[in-house]
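Let's take a walk through this one together. Have the coordinates open in your viewer and follow along.

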Amino acid sequence: MGQKHNIKAVLFDLDGTLIDVDLKQFIPNYLRMLSESISHLVPQRKVISKLLKASEAVNHNDGNKTNDSVFAEVFFPLEGYTREEIQPYFDKFYENEFVKLKQYTVKKESAFSVVQKVFESNLEAVIATTPVLPLTAIKQRLDWAGVGNFDFKLITHIENSRANKPNLLYYKDIVQFMGIPANNCLMVGDEAKDMIAAKIGCPTFLVESSNTDFSSSMPEPDYKGSLKDVIKLL
């Protein structure tokens with residue numbers, strides 16, 4: 001990969017990177033549908049309000065607990081209902097309803113070939129997506145992206161993470177798990193919270209998307225281009 005970086009692992013963001021997502025449609029509809037799954041128990045507006053508060057708490061997780069624990073402590077009990085009472089309805093939602101959100105995503109034709117190239121090059125591959133959803137939801141989105149059959153070394157999700165982007169602890173934990181120095185891990189993403197991995201020494205590749213905001217304090221990426229351009233660096 002040129003003289004500059006000796007890449008041994010590639011960390012992929014998901015939304016806007018491996019798959020195009022209309023977040024302005026996806027997020028409100030996700031909140032609506034998830035809250036509908038327990039609307040026979042709790043009014044939707046109260047569920048959505050609690051979901052937003054719990055998600056905000058995850059954003060500020062200091063690393064002492066998993067994101068799942070932080071979320072649950074804020075979210076439950078919900079109007080007197082315990083997690084044990086609510087969780088089966090959420091599980092059913094992810095099993096049967098979550099797939100309906102696929103309509104707000106567009107598959108990137110290059111995603112499969114890029115990820116395949118990483119594996120063919122004997123590099124480690126990580127899905128470094130915002131860890132606020134359960135693994136089942138992220139696996140479905142990987143399927144929508146056409147890369148669900150790859151054996152990723154790590155997929156970050158709400159249960160196995162203790163920080164959220166842009167907290168540097170999120171990236172430090174990935175690098176430590178991989179046992180590979182940060183300067184050998186390429187972070188591929190479309191937002192400032194992905195490019196922030198540069199602050200722990202990761203080389204970065206910016207894939208521009210509708211979510212990219214150049215007015216933010218985005219560290220200058222080492223590389224930028226289309227997702228397909230990542231192949232040239234491997």
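**A guided look at the fold**

N122 is exposed, with a relative accessible area of 70%; here buried means under 20% relative accessible area, exposed over 50%, and partly exposed in between, using a 1.4 Å probe and protein chains only. You'll find N122 in the loop between α5 and β4, and although it is not a glycine, N122 has a positive phi of about 60°. Before going on, some ground rules: this is a predicted model, where local features need pLDDT of at least 70, side-chain atom pairs count only at pLDDT 80 or more, and totals for chains, interfaces and linings use all residues. Residues are numbered from 1 along each chain as its sequence is written, and side-chain values use heavy atoms, with hydrogens and water left out.

A second residue to check is E79, in the loop between α3 and α4. E79 isn't a glycine either, yet its phi is positive, about 50°. With 46% relative accessibility, E79 counts as partly exposed.

Now for the sheet. Helices (H or I, at least four residues) and strands (E, at least two) are DSSP runs, numbered from the N terminus, and two strands pair if DSSP finds at least two bridges between them. On that basis, 6 strands make an open sheet with parallel pairing, in the order β5-β4-β1-β6-β7-β8. At the edges sit β5 (154-155) and β8 (223-225), each of which pairs on one side only. Strand β4 (residues 124-127) runs parallel to β5, and 2 bridges join them. V126 has L154 in β5 as its bridge partner. Helix α5 (residues 109-120) packs on the sheet and touches β1 (9-12) and β4, contact being heavy atoms within 4.5 Å. The direction of α5 makes about 155° with that of β1; axes are lines fitted to C-alpha atoms, for helices over the stretch in contact, and angles run from 0 to 180 degrees between N-to-C directions.

Next, pick out helix α4 (residues 83-96). Its 14 residues reach 20 Å from first C-alpha to last, close to the 20 Å expected at 1.5 Å a residue, where the expected span is 1.5 Å times one less than the number of residues. Which residues of α4 are buried? They are I86, F90, F93 and Y94. Seen down the axis of α4, the buried residues fall within an arc of 90°, so they line one face of the helix; the arc is that of the directions from the helix axis to the C-beta atoms. The face turned away from that buried side carries the exposed residues E84, K92 and E95. Covering the buried residues of α4 are, among others, α1 (23-36), α3 (67-75) and α6 (135-145).

That brings us to the aromatics. Rings of Phe, Tyr and Trp (its six-membered ring) pair if their centres lie within 6.5 Å; planes under 30 degrees apart count as stacked, over 60 as edge-to-face and the rest as tilted. The structure holds 16 such pairs. One of them, Y30 with F93, is tilted, at 6.2 Å centre to centre and 55° between the planes. This pair links distant parts of the chain, with Y30 in helix α1 and F93 in helix α4, 63 residues apart. F75 and F76 pair edge-to-face, 4.9 Å centre to centre with 90° between the planes.
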